[in-house]
Amino acid sequence: MGEQLTEFSDRDRQRARELRRVKAAATGLLVFTAALFVLARHHEPQHWAWGYVAAFAAAATVGGLADWYAIVALFRRPLGLPIPHTAIVPRNHHRIAETLGEFIETNFLAREPVEARLREVDFAALVSEWLSDRERSAALAGFVMRLVPQALTSIDQSGLKGFLGRRVMAELERIELAPLAAGLLSAVTEKNRHHRLLDELLGALEKVLSNEETLAALREKIRQELPALFNLYRADAYLLRKIVASTTAFIQEARADASHPLRREFDNFVSGFIERLRHSPSFARRAESLKRDMLARPEIAAVAEGAWESLRSFLEQDARASDSQVRRQLEAMLVDVGSQLAREPAIRAEINRGMVQVLSEFVESQKSGVGRFIADQVKSWDIDMLIGRIELTVGRDLQYIRFNGAMIGGLAGLALHVLEQGLKLHL
């Protein structure tokens, strides 16, 4: 016994009542034409017109019986007799299931019609309209924030945090530090951006030279290096003033002159350093050694662990707060994304193309499984229930075939009888 289909609904029961009425009417018509044939044959000797009635009734009865047989043979054996080529649907249950699955896979899930149907849907517009509604975006943001505590707990309990940490460390170890640093410095040197760093360094040095404590320390250092005789004439103060004045003047000239020799020397130093980072094996080895030493230090792991705990604590507290900052930002971001999509037809078109491609490829990869699933489901259905469903769907039309068969058969029999009588008159 196969799997049971869904039980009949009220609509199905109404269809069953209508089907029984039509069946009864078709059977009644068959009985009537048979009775009419007997009556006409009985009275035929009394009047020639009864012969025409008998011919019509006989052909109508044969036509009705033939259509009744054909309809019954679709679903079961007529009168329970083992007549060949009857009970067509039950005997071909599995073949029908296989054919149905193949038909749906080949025709309904073919790539071209699926893509054509998907292209009719403006996915980006639907997303834009949905997200632009602040209430919907707020509800989505709230839903996401309600999942945050459970997600954080799951990450801790599942070992995902450790796995991600190991993967991050593995990826950091794979990065070649020297070429990366060379690329970053090259980006900084574009349009002389590195001169800003030089200006900041020169400005900092100028501030140092104007600091009283720094000047006092420098004067003390000069005093220690000079002979005692020179100190009697305050040579230390004189030298300090000259050094500071010369250095300050040099710094100011370098900051004011874009083509100052110091800047050219700085450019040469930076470009040379970048080239060594890119091409020097010794620089590469030292950079890799420095990277490994840094990653191996326990302080790095402690910083990462502390950062995760701080982030987790913040997210958990914020998720429980009635005025959650993250929820507000997420809501604003979702609304802004919806508004941006509404204003950018090119982006919407690109999203729609991507959705069509992704969904069509998914359907293409899964359609054989869908066809097999449908075939297996149909095979598992109870055949009697399946036949009942089919009869409820098309049974009334099939019963009307019996009416049509009786009428067409009767008219054909009448026409043949007329032809027969006409031939007799001419012979």
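User: Which residue forms a salt bridge with glutamate 115?

Analyst: Glutamate 115 forms a salt bridge with arginine 111, and their closest N and O atoms are 3.0 Å apart; the term stands for a side-chain nitrogen of Lys or Arg within 4 Å of a carboxyl oxygen of Asp or Glu. This is a predicted model, in which local features need pLDDT of at least 70 and side-chain atom pairs count only at pLDDT 80 or more, whereas totals for chains, interfaces and linings use all residues. Residues are numbered from 1 along each chain as its sequence is written, and side-chain values use heavy atoms, with hydrogens and water left out.

User: How many residues apart are glutamate 115 and arginine 111 in helix H5?

Analyst: They are 4 residues apart in H5 (residues 111-119), which means that about one helical turn separates them. Helices (H or I, at least four residues) and strands (E, at least two) are DSSP runs, numbered from the N terminus. An α-helix has 3.6 residues a turn, so residues three or four places apart point the same way.

User: Is glutamate 115 buried or exposed?

Analyst: Glutamate 115 is buried, with a relative accessible area of 18%, while arginine 111 is partly exposed at 29%. Buried means under 20% relative accessible area and exposed means over 50%, with partly exposed in between (1.4 Å probe, protein chains only).

User: How many salt bridges are there in the whole structure?

Analyst: A search of the whole structure finds 15. One of them joins the side chains of arginine 134 and glutamate 331, at 3.4 Å from N to O. That pair links distant parts of the chain, since arginine 134 lies in helix H7 (residues 134-158) and glutamate 331 in helix H17 (residues 325-343), 197 residues apart. Arginine 134 is partly exposed at 47% relative accessible area, whereas glutamate 331 is buried at 17%.

User: Which residues of H17 are buried, then?

Analyst: Leu330, Glu331, Leu334, Val335, Gly338 and Leu341 are buried in H17. They cover an arc of only 130° around the axis, judged by the directions from the helix axis to the C-beta atoms, and therefore they sit on the same side of H17. The face turned away from that buried side carries the exposed residues Gln329 and Arg343.

User: What covers the buried residues of H17?

Analyst: The cover includes helix H6 (123-132), H7 and H18. At the start of H17, a side-chain oxygen of serine 324 reaches to within 3.5 Å of the backbone nitrogen of valine 326.

User: Which residue meets glutamate 98 in a salt bridge?

Analyst: The side chain of glutamate 98 meets that of arginine 372, at 2.9 Å from N to O. Here too distant parts of the chain are linked, with glutamate 98 in helix H4 (residues 93-108) and arginine 372 in helix H18 (residues 345-380), 274 residues apart. Both belong to a network of salt bridges that links Glu98, Arg372, Asp376 and Lys379.

User: Changing topic, how many helices and strands are there in the protein?

Analyst: There are 19 helices and 0 strands. The C-alpha atoms fill a box of roughly 170 × 50 × 45 Å, taken along the principal axes. Of the 427 residues, 28% count as buried.

Note on methods: Contact means heavy atoms within 4.5 Å. A polar contact is a pair of N or O atoms within 3.5 Å; within protein, one must be able to donate a hydrogen and the other to accept it, and residues adjacent in sequence count only if both atoms are side-chain atoms.
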